[in-house]
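Here are my notes on this one, as numbered points. Have it open while you read.

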Amino acid sequence: MNEAPLTRGERWMRALAGEPATPAPVWCADAPLGGTRTRFIAVVPDERNRFVRARENVVGLEQGWLLARAVRQAIDEDAASARRRPIVAIVDVKSQAYGYREEMLGIHLACAAAVDAYASARLAGHRVVALIVGPAMSGAFLAHGYQANRILALDAPGTMVHAMGKDAAARVTRRSVEALDALGETVTPMSYSLSAFAKLGLLDRLITDVDADAPTAEQIERVRDALVEAIAGIDGSERDLSRRLDNEAARSTRAASIEVRRRLAAQWDAA
Amino acid sequence: MEHLTFEYPAQHVVTSRAHVGVVGSGDLEVLLWPNDAMRTQVAVQTSVDGYGHIWKSVLDRFFSRFDGAVRVEINDFGATPGVVSLRLAEAVEAVQAARDAGGAADPGAPR
Amino acid sequence: MTDQAITAAPFVARESFIELGARERARALLDPGTFRELLGPFDRLTSPWLPLQGIVCQADDGVVIARGTIDGAPAVVAAIESAFQGGSIGEVAGSKIAGALELALRDCENGRPVRPVIVFETGGVRLQEANLGLAVIAEIQSAIVSLRRHVPVVGVIAGMVGCFGGMSLAAALCTRLVMTRQGRLGMNGPEVIEQEAGIDELDATDRLRIWQLIGGAQRVASGFADMLVEDDASAIATAVHVAFSQGVASPHRSEAVQRYLDSLARIDPATVAPEAMRAVFRPCAQQDACDDPACGQHAAPQANREESQ
């Protein structure tokens, strides 16, 4: 066992599900949550990963396919049963892996496999919840968490959702990091804050007053309760992501997304 | 980014609409459609500030030769006057072709 | 499916697909005379976010949605215009694609199959719309997974921008991908890899090396794409017809988890090279049949399942 402090993914996996049944980089464990056997999945660092550029909390080649395997195993095992176990994605992923080998060997497909598995789980009737405990960035979040029925997040430093890290984004848009932060206040989708993410109608619950790096037993219990409540709120017939546009925040901040769909439907069949 | 407007007298009715171009670097898109009133109204959104006088010169010249009553929207990303004139000519050609064909507008006019 | 099963017209008769804009590409892929655009420029659904940043909008936000028929069957084409903001996906652009796929799904579920085609020419998320670009890409991905159970979802990657970022994942979810040699398919652009991992990892100016890594010929040869076609509009349209005629796939590339884990295990990361990895990866990516007797992983052909809906 190494001496490095636990990452958020590692810490929350242990806190919520106990010891994982699989090794890094994808930890997977079935554990009770509100009395129901639930599959927990987290991406964690893997210092001995064969792919040198994929040793941190990133989604690389092996991570993508192993995520898919962890989810599909639950789908297959429960296929014949009336009860489809809930799946909780513990999200602490700072990016996809960047590398020559990654591109050569199809990291885009490895990540797509994870997207596919989570979406398929949802379609098969599993209730899927993403719990954001650290960064949830870009392609890594697309692969691990963004296909969930519900998205919850800890309100803590370092927890964020975005398409690009702040330094890289500042470089690309030729602004300072401070200017980027200011921009995020008027251009909501550019913001790095979770409350702005919530304004987009994409966050189902922001869990406050939790120390993400050293949670107390009471805080862990509150997070468990939030997960149980989120899962219970998912109707068995909810198979797609349409709920993301069907809330007050979305009607305000994603009016264009809603209007596009309304007009497409009106024009779909020739007059 | 600048927003500019221009207005010109018109002499004849136009019955179809046209769309040409893309908002790519050095290019522009033009949306052109019939105006109810017997005049032409042009609205320009441009990414490059400070060239209002050039826009005026180009548009004055173009609409001195085309007197259909149209509304025009231009979304510009740094096109030269030559490219602006070209796109306007393409748009007008499209509505004239539609008129000559006797048919309705083809909003999917080729780019 | 073999490479170059589709031969193009004699050179003088060819019409470059790459040189066509999105609108004309959609027109070229639909049966002649059937093109009907939805939410075109005159609908003026533009980005709510670009003007706040001093960026001029395009009236269709860089995506063309067109209905029509393909080989006589109802179809919808979503074509991305790379000339506008690099084909990057913003709220409206992505919602047009997702919305079209969702409506196609609704029709399929009601017994009226619609053939969806996506022409991928994109760098991925539009950074100026960051979290909404990312969100709508997740919605596109969700729609593809649902839709491809009913009808093949066919992707076309022609170039010169190629297909990168979150949309490369969407492309990988498609039933079949048609690529030209000029097309590229990768998750991170070469510039980004050079920036993040250093020039020794990848020199973004080394064009030959990049195309050898992620270009159309390499992707088809290694099983990440299905059909390699010349840059000719009618050849690409024919390839799309063929892709639909092959019916729903089973399993999809993105479902073949154990096979890809096995392939990765056979790779030595220290020495793997584009040419050599083809033989390891390609047999396992053949969706309908392969010539490896030891593979034994293919389901019975599902041709014409679409027609029987």
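1. Helix H4 of chain A covers residues 107–123, 17 residues in total, and spans 24 Å from first C-alpha to last, close to the 24 Å expected at 1.5 Å a residue. Helices here are DSSP runs of H or I with at least four residues, numbered from the N terminus, and the expected span is 1.5 Å times one less than the number of residues.

2. A caveat: this is a predicted model, where local features need pLDDT of at least 70, side-chain atom pairs count only at pLDDT 80 or more, and totals for chains, interfaces and linings use all residues. Residues are numbered from 1 along each chain as written, chains are lettered from A and ligands numbered from 1 in written order, and side-chain values use heavy atoms, without hydrogens or water.

3. H4(A) is mostly covered, with 17 of its 17 residues buried (under 20% relative accessible area, 1.4 Å probe, protein chains only). Just after H4(A), Gly125(A) has a positive phi of about 100 degrees.

4. H4(A) packs on H4(C), residues 166–173, at about 70 degrees with axes 8 Å apart; axes are lines fitted to C-alpha atoms over the stretch in contact, and angles run from 0 to 180 degrees between N-to-C directions. The two are therefore roughly perpendicular (65 to 115 degrees). Residues in contact (heavy atoms within 4.5 Å) include Leu109(A) and Val115(A) from H4(A), and Leu169(C) and Leu173(C) from H4(C).

5. Chains A and B do not touch, their nearest C-alpha atoms being 15 Å apart. Of the two pairs of chains that touch, A and C have the most contacts.

How values were computed
Buried means under 20% relative accessible area, exposed over 50%, partly exposed in between (1.4 Å probe, protein chains only). Angles under 35 degrees count as roughly parallel, over 145 as roughly antiparallel, 65 to 115 as roughly perpendicular and the rest as oblique.
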